[in-house]
Amino acid sequence: MDAVLQQVYDGVLNGDQAAVMAGVKKALDAGFEPGLILNEAMVSAMGEVGRLFEEGEYFVPEMLISARAMQGGLGVLRPQLVKADYKPIGKVAIGTVKGDLHDIGKNLVSMMLEGASFDVVDLGTDVTPEKFIDAIQNQKVNIIGMSALLTTTMPNMKVTIEAIKAAGLRDQVKIMVGGAPVTEQYAREIGADGFSPDASRAVTVARSLVA
Ligand code: B1M
């Protein structure tokens, strides 16, 4: 790996936010594509953090400081990922489902959607079905996006869809789901309209949902 990308990778792995932010700036100045910096250096380092956690070498505090370091780098990358010529093609309310605090993937999906000219309402983390319903009723969104990283919070996607149905709003929105444990089959089973395994394909799916 190129030295500057390695600096970003190591910074995420070691939870060194300043090194990640400086490394991302350097990589952008050196002409690296924002998507390449994101995937080769940052997302892959986060995958390694997960592996070290599984092996008992990293614990929650290490995961947390790595996540903060990655968020710092995303802050620097964001303007490059989001296009300037903004003309919304749809409105998406997105959040992590109730009980889930993992927001890095959700933030990436939001950025990519903004970059693809969607208006994005970020509902944040630990979002209750009521909050999603409120967004449909009061923010005129076309798409609800739900993210879950835990097998224990995934079922709250189904709970939210059932609540949207019970509120009589299901035909007013399309529902897109994603997150590491979520699969296409699971998305179908719970009655979602779309699934994406990553942030860039989330844009393709969202486009097809508003087409
Ligand atoms: Co947590 N954590 N964590 N964690 N954490 C995982 C998810 C875990 C797999 C680690 C492991 O054991 N290997 C494991 C889950 C196991 C399971 O359920 N099967 C786990 C656990 C157990 C936990 C706790 C329970 C730990 C504890 O307290 N004992 C706890 C739970 C907290 C909670 O949510 N209630 C916890 C806490 C945390 C931190 C707070 C420390 C931190 C999160 C900080 C933050 O997000 N602000 C954290 C982190 C960093 C991770 C790992 C290491 C990295 C997650 C990440 O950011 N990945 C993770 C291990 C791993 O994933 N390898 C792990 C990078 C991100 C870019 O990928 O989020 O998958 P991802 O998003 C992708 C796609 O999934 C997709 O696009 C994104 C970009 O391409 N996508 C969508 C995501 N949402 C989408 C929505 C869409 C479409 C696509 O449409 C709407």
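Ala, Val, Leu, Ile, Met, Phe, Trp, Tyr, Cys and Pro count here as nonpolar, Asp, Glu, Lys and Arg as charged, and the others, Gly among them, as polar. By those classes, the lining of the largest pocket has 27 nonpolar, twelve polar and four charged residues. The model is predicted.

Start with that pocket. Its volume is about 1400 Å³. The lining takes in 43 residues. Closest to the pocket centre are His102, Ile104, Gly105, Lys106 and Leu149.

Next, trace the lining back to the elements. Those that give two or more residues include three helices, namely H3, H4 (60-81) and H5 (104-115). Strands E3 (143-147) and E4 (174-178) belong to this group too, as does helix H9 (199-210). Which element gives the most to the lining? H3 does, with nine residues.

Helix H3 spans residues 34-54, and helix H2, residues 17-29, packs against H3. The angle between them is about 140°, and the axes lie 10 Å apart. That angle makes H2 oblique to H3. Roughly antiparallel would need an angle over 145 degrees. The crossing of H2 past H3 is right-handed.

Now look at the residues in contact. H2 brings Val20, Val24, Ala27 and Leu28. H3 answers with Pro34, Ile37 and Met42. By class, this contact has seven nonpolar residues, no polar ones and no charged ones.

Conventions:
Residues numbered from 1 in each chain as written. Predicted model: local features only at pLDDT ≥ 70, side-chain atom pairs only at ≥ 80, totals over all residues. Heavy atoms only, no water. Axes fitted to C-alpha atoms, helices over the stretch in contact; angles between N-to-C directions. Helix = DSSP H or I, 4+ residues; strand = E, 2+ residues; numbered from the N terminus. Parallel < 35°, antiparallel > 145°, perpendicular 65-115°, else oblique. Left-handed = near helix turned anticlockwise from the far one by under 90°. Contact = heavy atoms within 4.5 Å. 1 Å grid on protein atoms, 1.4 Å probe; cavity = no way out; pocket = protein on both sides within 12 Å on 5 of 7 lines; lining within 4 Å. Points joined across faces, edges and corners; volume = space filled by probe spheres on them.
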